[in-house]
Structures are given as structure tokens and as C-alpha cells.
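Here are my notes on the model you passed along, written up as numbered points. Have the viewer open while you go through them.

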Amino acid sequence: QILDVRENPNLVMPPKPADRSSEWYNIDFSLQNQLRLAGASPATVAAAAAGSSTKDPLARKMRLRRRKDSAQDDQAKQVLKGMSDVAQEKNKKIEESGEAKAPDLKTRRWDQGLEKPQLDYSEFFSEDVGQLPGVCVWQIENFVPTLVDEAFHGKFYEADCYIVLKTFLDENGSLNWEIYYWIGQEATLDKKACSAIHAVNLRNYLGAECRSIREEMGDESEEFLQVFDNDISYIEGGTASGFFTVEDTQYVTRLYRVYGKKNVKLEPVALKGTSLDPRFVFLLDHGLELLVWRGSQATLSSTTKARLFAEKINKNERKGKAEITLLTQGQETPEFWEVLGGQPEEIRPCVPDDFQPHKPKLYKVGLGLGYLELPQINYKLSVEHKKRLKADLMPEMRLLQSLLDTKSVYILDCWSDVFIWIGRKSSRLVRAAALKLSQELCTMLHRPKHAMVTRNLEGTECQVFKSKFKNWDDVLRVDYTRNAETVLQDGGLAGKVRKDAEKKDQMKADLTALFLPRQPPMPLSEAEQLMEEWNEDLDGMEGFVLEGKKFTRLPEEEFGHFHTHDCYVFLCRYWVPVEYEEDEEKKKKGEGKGEEEGEEEEEEKQPEEDSQCIVYFWQGREASNMGWLTFTFSLQKKFESHFRGKLEVVRMTQQQENPKFLSHFKRRFVIHRGKRKDRVSTPQPSLYHIRTNGGALCTRCIQINTDAALLNSEFCFILKVPFESTDNQGIVYTWVGRAADPDEAKLAEDIMNQMFDDSYSKQVINEGEEPENFFWVGIGGQKPYDEDADYMKYSRLFRCSNEKGYFSVSEKCSDFCQDDLADDDIMLLDNGREVYMWVGTQTSQVEIKLSLKACQVYIQHMRSKDPTHPRKLRLVRKGNEPWPFTRCFHAWSVFRKPPT
């Protein structure tokens with residue numbers, strides 16, 4: 001039934017509320033109209049309307065929810081409309097400008113659209129950094145990383161920050177890196193920030209995928225400690241900050257009295273002149289000045305031990321910057337007395353004759369139930385060990401390093417010194433308790449005024465603390481009369497010597513090489529036979545030289561000529577004879593086939609000869625290692641793809657060449673200075689020395705300094721004197737000494753004819769027939785020179801090292817060169833008159849002492865074997881070699897710098 005509102009006055013159309021939806025409005029309206037049609041009173045209709053709108057809570061909740069949803073829909077529609085309008089306007093502009101793109105292209109990610117800034121890291125890091133396995137350390141100075149010398153690796157200033165790069169080869173032989181930045185506990189904010197920033201810069205510079213790892217002082221990771229073989233130490237102070245100016249490191253001046261016969265012991269005394277005693281040696285620690293004072297009645301042994309102790313302090317705690325001075329009683333400097341507060345009227349004995357040092361007391365710091373525990377450790381029968389220690393292991397109840405547990409903190413009370421030892425794995429709470437207790441210890445207990453509290457972190461202990469323990473950083477005793485094999489034998493050993501030999505960790509000495517006879521030179525006939533055989537097997541040889549960043553082919557006329565600044569590669573192909581199969585095997589393979597077919601198949605399958613390829617890489621003394629890296633990643637891969645399974649790579653450096661490689665040049669092996677293609681604007685005279693070391697195979701012609709003092713009557717030399725003209729003309733002399741070998745004289749003339757073309761005038765002159773106008777003028781003037789080379793008959797070079805776990809001496813071959821002098825070892829050189837003990841800059845004190853004893857053993861042995869030539873012992877340090885030492889090496893020059 002359709003009702004018309006206008007015809008029925010009882011039907012009322014209420015106004016639509018603003019807060020109602022259209023659906024609920026229709027429902028309410030129909031309900032009121034139904035009541036009115038049924039004859040209900042107006043009050044009933046009003047009550048029904050009120051109950052439907054206000055008294056129904058569920059209806060109200062639904063109404064509010066729909067109202068919220070409708071409002072959000074309206075907002076979403078407006079946002080979508082606005083975005084669509086913006087997109088339409090943008091597309092319209094693109095179409096108008098003709099830059100419309102294909103709609104199917106994928107949108108780039110946000111990080112792909114970023115452009116990396118073009119930063120130049122070359123001012124911070126060199127181009128060779130991270131290209132060789134090893135460790136590099138940089139120190140932050142004025143916002144910039146500064147390379148740290150290798151001798152100071154593992155020594156960190158507390159107020160500095162460092163960047164550590166470890167380069168190594170992974171399983172695939174590719175370069176890989178680990179990057180750390182170390183933060184000192186006293187470092188300023190700018191150093192911390194710069195170390196983190198430059199560590200990331202280094203990673204970007206190398207293109208490494210590793211992350212930069214943060215290391216904090218005293219809380220280093222195991223991986224970081226392994227980089228330095230767990231041998232790191234902390235030094236007070238640091239460099240100037242980029243923002244702030246820091247004062248120099250402040251050192252506490254202390255005076256120690258040195259005593260003890262077998263082991264060095266230090267007793268702190270008052271810092272005044274009256275503390276000196278003429279019967280003892282004293283060590284004055286004045287920061288960067290370490291003064292060793294020797295009394296008039298003190299022994300030389302105590303002085304030597306005090307100096308060695310001062311050298312350890314300088315090396316481990318002062319980074320090698322301190323100056324060590326020896327003073328004897330009566331020869332003191334005014335500065336010495338000024339530090340001690342003035343010179344006393346008389347230096348009298350002040351130490352009692354019955355003096356007994358206070359026995360150190362070791363306490364372990366622990367936290368109990370609400371209180372601090374400090375139990376004393378009985379280190380004679382220590383509970384820290386699983387097995388009880390025997391009393392004879394600790395004479396005079398000396399401490400053992402094994403008592404210190406890395407998870408604990410200890411206090412060592414030495415009366416005039418109190419040390420806090422902190423294990424690396426100890427808890428922070430125990431550390432804080434120990435430091436607080438140590439600060440109050442000297443006030444709680446009666447101690448001298450000069451007593452100090454010193455903190456020691458595990459692995460970075462000071463030398464004074466180490467001296468309180470038995471055999472900590474001491475020189476080990478060895479038996480110099482036995483080698484490694486005889487020491488292991490039980491026969492002939494007894495007593496304490498036998499006990500020491502049974503210990504696995506006991507250091508042994510192997511001096512067998514000192515008692516072996518000198519290697520005789522190879523006869524000329526044998527050398528010529530070897531050269532002939534090796535050259536007969538040579539099928540072909542191709543040469544390459546590094547020019548710029550790639551290898552180019554070397555002309556054949558330049559084979560045998562090398563330059564000290566270049567790298568060369570020679571590909572040699574050798575014939576290898578193949579063993580033929582037996583006739584019975586041939587018959588078995590030929591069964592079931594015709595004889596002719598079987599023979600043809602065997603001829604195809606059985607090659608007459610096989611081949612092998614060897615690649616020789618030669619690097620000059622002044623050449624960088626970039627040549628080897630370029631060859632490894634470019635040329636070597638090409639060779640391996642062509643000669644699969646038949647390629648062998650041999651790397652050589654100048655004057656350390658393979659004998660087989662030398663044989664291919666038939667004694668015409670010339671080494672020039674400089675680079676191959678460098679052309680000097682004003683040509684200078686050049687001098688070449690021809691010398692044979694241990695046999696004709698090892699014959700080289702090497703350019704040396706143009707100096708007449710380098711001539712020798714037993715050798716041949718080639719002197720090139722260019723004219724002052726632009727047409728590359730001059731005169732070349734082959735100088736033959738009066739005692740030179742005739743075969744070498746003929747060889748020198750052949751090398752001269754091969755080296756220089758017809759534009760040079762060539763002349764062979766004997767010693768004493770030199771023309772004044774060109775020869776002596778070209779060589780820089782006449783000077784006295786050696787007239788014999790007897791040292792060539794006696795020269796021997798030995799290497800002393802303890803890298804095998806025990807001290808051993810090995811002999812270099814007779815073809816030794818300057819680069820065989822290892823900087824971290826001791827070298828012994830015998831020239832028939834003197835035995836030189838050559839000490840490198842990175843040699844340990846243990847090696848120096850053992851090598852000195854080995855020298856004495858060798859000199860005594862040679863005195864009995866060759867009494868006509870008694871040797872004298874000479875000590876030589878790197879960089880201060882005398883002429884009798886350097887002339888034993890062919891073409892002695894400056895030491896090459898270690899590769900970076």
C-alpha cells in the first residue's frame with residue numbers, strides 16, 4: 001500500500017539529523033509511521049522514537065563506527081583524487097616535452113639512485129696498501145691517519161686512536177682484509193670520530209666487503225689480539241689532538257737500586273742523592289731519560305744487567321724514544337744531581353749488610369656476600385695449581401707467572417710498590433673494587449713515602465712488575481755444545497741437564513752448520529755441462545716486461561738485460577721425454593684389430609715427447625710489488641688457461657735467481673740501474689762489475705757506483721764513458737785486472753760487444769795501461785783499490801734464528817747477496833780474517849746473546865781447523881757496515897725498503 005504523506009495528516013516526516021546515516025533514518029521513520037497508523041498516541045510515538053535512538057547501546061556503537069568509516073573513506077577519496085590529478089598533470093607535461101618513457105620499465109630502488117661522492121683517499125693511503133699479506137697500523141694525528149713503523153706495532157698510546165688493517169689470502173688465493181679501529185680510554189672525541197670515519201674510508205678504498213670493527217682499550221676481542229700474537233702494550237700519553245693541545249706525557253721519576261746475582265731485582269728507594277750506595281748499581285727512571293749509575297765498588301755484571309733492563313723499559317714502555325746513559329761514580333752530570341735534589345757531600349754505604357728484601361705478598365681480589373674478600377695466596381704450595389708444586393721449582397719463594405688467572409684480579413704488595421694486576425676476562429665489578437682498594441691501601445698500611453700504586457693489565461705488564469716473577473721475560477739457558485739431535489738422546493746426559501732436556505718447552509741449540517766444511521765452488525766443466533743439458537731441453541723462451549700497468553713483449557735482443565726498477569716474466573717451454581709402453585701392452589691393445597690399424601692408433605695415442613712450461617718472474621731490488629700482483633691477476637691466468645696442468649711459476653728477486661734460469665743466458669746476465677726506458681738528459685759514466693759466486697752458473701755483470709775505489713785486481717770491469725754529444729757516442733773500456741781469470745776476461749769482452757753497438761768505440765785494457773784522458777777522468781779520478789780478493793776463498797754467511805722453536809744456525813749458499821741479510825735475525829759473516837756479527841734492527845735480545853756465544857764457538861773451532869788464519873770477532877749494526885764486510889757482497893748498495 002502506497003501512502004501519500006500529503007493526504008494523511010497523521011504521517012509526519014521528521015527532519016534528517018546531521019549525525020545519522022540514511023539507513024537508520026529510514027528505519028526510524030517507518031517505525032513512527034507504523035505506530036501512527038495503528039492509532040497510537042503521540043506520547044507513545046515519541047517514546048518509541050527515543051528508545052530506538054538513545055536506549056539501544058548496540059545500535060549506538062554501530063552508528064558511531066559507520067560514521068568513522070565514512071569519514072575515513074571521504075578522506076581517502078580526496079587523497080586519491082589529488083594524487084591522480086598530480087599524476088595526470090605530470091604525464092601531460094612529459095608528453096608535451098617529448099620525454100615520455102616506456103611504461104613497462106621498472107622503478108629503481110631508492111639506494112640505486114644515490115650517487116657516491118668522488119673522494120680521493122690517496123692522500124691518506126698509498127696505492128700499495130692492502131695488496132700484500134701483513135699488518136698495517138695508522139695513528140690518528142690532527143684528523144689524518146699516519147702510518148706507524150712496523151717496529152711499534154702492538155704498542156698503543158692511551159690517549160690515541162689507531163686503525164689496524166690485516167691483509168691475508170683466503171682459501172681461493174684472493175686478497176681479503178680485516179679492518180679494526182682501536183679507541184684509547186683517554187682519547188678525545190675528534191680522534192674517536194676520525195678513526196671510525198677513516199676506517200670506513202679505508203674499506204671503501206680497498207673495495208672490501210668486511211665491516212670495520214671497533215676495539216676499546218682493555219676490552220679487545222680475541223681476533224684483534226691474534227693480529228699481534230697477543231703481544232700488545234699500553235703507553236701513557238698520546239699525540240696532540242686536532243681540537244685541543246695536550247701536554248707531553250708526564251712520567252713519574254723514580255730511583256731503583258739494582259741487586260741480585262742471577263736474576264735482576266729492583267728496589268725503589270727515595271729520590272735523593274743520599275740513597276746512592278757505592279757498592280750497588282742504580283737505575284734512575286726520568287721519563288725519556290734512563291740513567292744507569294754505577295758505584296765505584298759495583299760489579300760490571302750488575303751494570304750490564306741494569307742496562308739490559310733499561311733497554312727493555314725503553315722498548316716496551318717508552319716506544320724506543322728514551323735515551324739510555326751510563327754514569328760512573330765521580331763522573332755524574334749536573335742534570336743528574338738536579339733530578340736527585342742536589343749532590344751529597346759524600347756517597348757512603350747506606351744499605352745494611354744484612355739487608356733482606358721484603359717478600360712479595362700476592363692477594364686475590366674477590367667479591368663475597370656483601371663484602372670484599374682478599375685472601376693471600378701461598379705461592380709455595382699454591383691452591384691455584386691442580387698439582388702441588390715442588391719446593392725446588394721456586395727458589396727463594398719467587399712468584400710464578402702461572403699463578404695469575406685471566407679471570408681474576410690480584411694485588412701484589414712489595415712493600416715499596418703495590419701492583420694491581422687485572423686479567424683480561426675479569427669482571428668489571430671486581431676491577432673497580434680492586435682499584436678503589438689499591439688507592440686506600442697505602443693510607444691504611446704503613447708504607448714509605450716513595451711507594452706507588454701501579455695498574456697492570458694482562459699482556460701489558462711493566463718491566464718492574466715482571467721482575468718480581470721467576471723466568472718472566474728472562475733469557476733462557478741453553479747448551480751451546482750440542483745440536484738438536486744429541487740433546488734429545490738420553491745417553492751422556494745426567495742431573496739437571498737431563499731434566500732440562502726432557503722438557504718439551506726447553507730451548508735447544510743446533511750449531512751443526514758451524515762445524516761443517518765450506519761448500520767448494522762448482523768446477524767449470526760441471527757448470528758447462530749443466531748449462532748444456534738445461535739449454536738442450538729448452539724448446540723456446542718468451543720474455544715480457546712490465547710497462548705501466550701491463551706486461552708487453554720483450555725484444556729478443558734485450559734478453560739477459562735486466563733493470564733494478566722493472567719486473568720481467570719469462571715463459572720457458574721444456575721437452576720432457578716420455579717412457580714408451582712395453583710391447584706386450586701394445587699387443588693387448590691391438591687385439592681384435594688389424595695390425596696396420598693397431599700400429600696407426602698407437603702412433604696417434606703415443607706421443608714421442610711431452611712438454612712442461614715454467615714461468616720465471618724476476619723482480620728488481622727497487623721495483624714495487626705491484627708487478628707481482630699485476631702478473632698474478634692478469635698474465636698468470638692467461639698462461640694457466642693455455643697450459644692446463646703443465647704450468648709452474650717460480651718467483652725470483654734480484655741476485656737470488658734460479659740456477660736453471662741463469663743457465664739460459666750463458667753467463668751473460670747483466671743488471672742495469674734504473675728503469676728500462678728512462679733516458680737521462682745528460683748521460684753519465686757507468687761502471688759494471690763482473691763476478692762469479694761459487695761457480696760459473698752464478699756469473700753476473702752488475703752496474704755499481706762509478707768509483708775507482710771499487711776496482712780489484714782479481715776481477716774484470718766494464719766502463720762506459722759517453723761523449724758530451726747528442727748522437728749517443730762514447731768509448732767503452734773492458735778493464736782486466738792483473739790477477740783476473742783469462743776466461744772471465746774473454747767473457748767481459750763478449751759482454752761489452754753485446755751491450756754496445758758500433759756507435760761506441762770499444763777497447764780492452766789491462767791493469768796499469770789505463771789512459772789518463774778518458775778512463776781515469778770518466779771513473780772519477782784515480783784512487784787506491786784492493787789488489788787481491790782472498791776473501792772469495794773464505795767468505796761464508798750464516799743465519800742465526802730461533803723461529804723453529806729452538807736456536808739454530810744455518811749457512812747460506814756461496815751465492816749469497818745483500819738481501820740475504822734478514823733484518824729480524826743475526827747474521828755471521830766470515831771473510832777469512834774477521835767474523836762479523838751483523839745485528840738487524842728487529843732482533844731480540846735473546847738472539848743477540850745466543851748468537852754472540854755461537855760466534856765464539858765458531859772462532860774457537862776455526863782456530864783449531866785453520867791455525868794460520870785466526871779470526872777476530874767484530875760487531876756490526878745495520879747501516880754501519882765497514883768496507884771489509886761490504887766487499888764480500890757483489891754490488892753492495894743501500895738497503896732496500898720493505899714493501900708497502
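1. Rings of Phe, Tyr and Trp (for Trp, the six-membered ring) are taken as a pair when their centres lie within 6.5 Å. On that basis, searching the whole structure turns up 48 aromatic pairs. Keep in mind throughout that this is a predicted model.

2. Take Phe661 and Phe665 as an example. Their ring centres sit 5.1 Å apart with the planes at 70 degrees, so this is an edge-to-face pair; the cut-off for that label is over 60 degrees. Both Phe661 and Phe665 are buried.

3. Trp892 and Phe895 make another edge-to-face pair, because their planes are at 85 degrees, with 5.4 Å between the ring centres.

4. Which residues form one aromatic cluster? Phe559, Phe562, Tyr568, Phe570, Tyr616, Trp618, Phe661, Phe665 and Phe669 do. So the Phe661 and Phe665 pair, edge-to-face as noted, belongs to this group.

5. Two charged side chains sit on rings. Arg573 lies over the face of Trp575, 4.7 Å from the ring centre. Lys166 does likewise with Phe168, at 5.9 Å from the ring centre; the distance limit for this kind of contact is 6 Å.

6. On to the charges. Side chains of opposite charge can pair when their charged atoms come close. The structure holds 28 salt bridges, and a few deserve a look.

7. Lys191 and Asp160 form a salt bridge, with the closest N and O atoms 2.6 Å apart. The pair links distant parts of the chain, 31 residues apart: Lys191 belongs to helix α4 (residues 189-206), while Asp160 is in the loop between β3 (155-157) and β4 (161-169). Are these two buried or exposed? Both Lys191 and Asp160 are buried.

8. Arg676 counts as buried because its relative accessibility is 13%, under the 20% cut-off. Glu547, at 26%, is partly exposed.

9. Arg676 also forms a salt bridge with Glu558, the closest N and O atoms being 2.7 Å apart. This pair again links distant parts of the chain, 118 residues apart, with Glu558 in the loop between β20 (550-553) and β21 (561-563). At 25% relative accessibility, Glu558 counts as partly exposed. Which residues do salt bridges with shared partners join into one network here? Glu547, Glu558, Arg676 and Lys677.

10. Last, the overall numbers. The protein has 22 helices and 35 strands. Of its 900 residues, 41% count as buried. Among contacts between residues at least 6 apart in sequence, 66% join residues at least 24 apart. The protein exposes about 52700 Å², and carbon and sulfur atoms supply 50% of that.

Note on methods. Residues numbered from 1 in each chain as written. Predicted model: local features only at pLDDT ≥ 70, side-chain atom pairs only at ≥ 80, totals over all residues. Heavy atoms only, no water. Salt bridge = Lys/Arg side-chain N within 4 Å of Asp/Glu carboxyl O. Helix = DSSP H or I, 4+ residues; strand = E, 2+ residues; numbered from the N terminus. Buried < 20%, exposed > 50% of the residue type's maximum accessible area, 1.4 Å probe, protein only. Phe/Tyr/Trp six-rings, centres within 6.5 Å; stacked < 30°, edge-to-face > 60°. Lys NZ or Arg CZ within 6 Å of the ring centre and 35° of its normal. Contact = heavy atoms within 4.5 Å. Areas by Shrake-Rupley, 256 points an atom, 1.4 Å probe, with all protein chains shown as cover.
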